[in-house]
Amino acid sequence: MDDQYEKMAKIFKSLSNPKRVQILDMLSEGELCACELLKHFHISQPTLSHDMKQLTDAGIVNSRRDGQKNLYSLNLDFLLKMQQRLIKMIENDPTREKAE
């Protein structure tokens with residue numbers, strides 16, 4: 001199977017969890033440290049680490065260390081490319097009604 005479809009499937013799989021989608025919504029307001037996310041969700045650190053690994057491996061979220069803290073932010077370049085790819089798929093759909 002084409003590598004681009006494998007990558008897209010990984011992205012959609014990482015977004016199939018409502019908590020991860022909520023994390024993205026929170027990150028849309030700016031960079032957050034893992035400690036802030038842990039407080040909001042009241043989950044264990046290993047659970048958050050798993051969720052963030054899914055999002056970073058998919059390319060949706062950037063991660064960086066600042067001393068003892070892990071900081072997360074949206075990968076805006078990647079998300080814009082995904083948006084463009086989805087728009088292209090929609091525009092290529094022959095069943096879609098064209099605006100006149």
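Which residues does the disulfide join? In this predicted model, the bond links C33 to C35, with an S to S distance of 2.3 Å. A search of the whole structure finds one disulfide. The torsion about its S-S bond is about -65°, so the disulfide is left-handed. The two partners have separate solvent classes. C33 has a relative accessible area of 4% and is buried, because the cut-off for burial is under 20%. C35 has a relative accessible area of 33% and is partly exposed.

The protein contains five helices and three strands. Along the sequence, these elements follow the pattern α-α-β-α-α-β-β-α. Among contacts between residues at least 6 apart in sequence, 53% join residues at least 24 apart.

Overall dimensions were also computed. The C-alpha trace spans about 55 × 35 × 25 Å along its principal axes. The radius of gyration is 16 Å, whereas a compact globule of 100 residues would have a value near 13 Å. Of the 100 residues, 28% count as buried. The protein exposes about 7,300 Å². Carbon and sulfur atoms supply 52% of that area.

Helix 1 (3-14) and helix 5 (76-92) are the elements that give two or more residues to the patch. F12 lies in helix 1. Its relative accessibility is 43%, so F12 counts as partly exposed.

How values were computed:
Residues numbered from 1 in each chain as written. Predicted model: local features only at pLDDT ≥ 70, side-chain atom pairs only at ≥ 80, totals over all residues. Heavy atoms only, no water. Disulfide = S-S within 2.5 Å. Buried < 20%, exposed > 50% of the residue type's maximum accessible area, 1.4 Å probe, protein only. Helix = DSSP H or I, 4+ residues; strand = E, 2+ residues; numbered from the N terminus. Rg over C-alpha atoms; globule rule 2.2 N^0.38 Å. Contact = heavy atoms within 4.5 Å. Areas by Shrake-Rupley, 256 points an atom, 1.4 Å probe, with all protein chains shown as cover.
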